[in-house]
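Let's take a walk through this model together, one piece at a time. Keep the sequence and the structure side by side as you read.

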Amino acid sequence: MLGGLWGIITTIVVGLILGVIGRMLASGDQKIPMWLTIVVGIIAAFIGNWLAGVFGVRDTAGIDWIRHAFQVGAAVVGVIAAAAIYAKVKGGGGHRAVT
């Protein structure tokens, strides 16, 4: 049970780190909650790993810099997309018909 719990904790921490890096590198003000930042970071980790596998650089000797670059790139794109979607959902579009 401890291994499963440790895996969940590690996933959340990696998601937080990737999400925060994505927010820092994304242009503009990203008005999304921290929980969404973590979710985007977790998804970015999986997408980055998948892309690294597609390009054959997932497992290399030493630190997998290219895999991490894919993860950060996915986090940036994910944060920008999440911020746009969150603004529309949270703000309701901002358009009301005048009656």
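V57 is buried, because its relative accessible area is 18%, and buried here means under 20%, with exposed being over 50% and partly exposed in between (1.4 Å probe, protein chains only). You'll find V57 in the loop between α2 and α3. Follow the chain on from there by 10 residues and you reach R67, whose C-alpha atom is separated from that of V57 by 6.7 Å.

Before going on, a word on what you're looking at: this is a predicted model, where local features need pLDDT of at least 70 and side-chain atom pairs count only at pLDDT 80 or more, while totals for chains, interfaces and linings use all residues. Residues are numbered from 1 along each chain as its sequence is written, and side-chain values use heavy atoms, with hydrogens and water left out.

Back to R67, then. Its side chain meets that of D64 in a salt bridge, at 3.0 Å from N to O; the term stands for a side-chain nitrogen of Lys or Arg within 4 Å of a carboxyl oxygen of Asp or Glu. Side chains of opposite charge can pair when their charged atoms come close. Both R67 and D64 are buried. For D64 that label applies because its relative accessibility is 10%. D64 sits in the loop between α2 and α3, and its C-alpha atom is separated by 9.3 Å from that of A52, 12 residues away along the chain.

The count comes to 2 salt bridges, and K31 and D29 also form one, again with 3.0 Å from N to O. Are K31 and D29 buried or exposed? Both are exposed.

Now step back to the overall layout. The protein chain has 3 helices and 0 strands, with helices (H or I, at least four residues) and strands (E, at least two) taken as DSSP runs and numbered from the N terminus. From that end on, the elements run α-α-α. Of the chain's 99 residues, 29% count as buried.

How do α2 and α3 pack? Two packed helices are described by the angle between their axes and the distance between the axes. Helix α2 (residues 34-54) and helix α3 (residues 65-91) pack at about 140°, with their axes 7 Å apart; axes are lines fitted to C-alpha atoms, for helices over the stretch in contact, and angles run from 0 to 180 degrees between N-to-C directions. That makes α2 oblique to α3, since angles under 35 degrees count as roughly parallel, over 145 as roughly antiparallel, 65 to 115 as roughly perpendicular and the rest as oblique.

Y86 belongs to helix α3 and is partly exposed, because its relative accessible area is 23%. Y86 and L36 are 50 residues apart in sequence, yet 9.1 Å apart in space, C-alpha to C-alpha.

Finally, look at L5, which lies in helix α1 (residues 2-25). L5 counts as partly exposed because its relative accessibility is 44%. Together with W6, I9, V13 and I17, L5 forms a nonpolar patch on the surface, with about 490 Å² of accessible area together. Patches are made of residues with over 30% relative accessible area and no salt bridge, where like charges are joined within 9 Å and nonpolar side chains (Val, Leu, Ile, Met, Phe, Trp, Tyr) within 5 Å. The areas come from the Shrake-Rupley method with a 1.4 Å probe, and for residues, only the protein chains shown count as cover.
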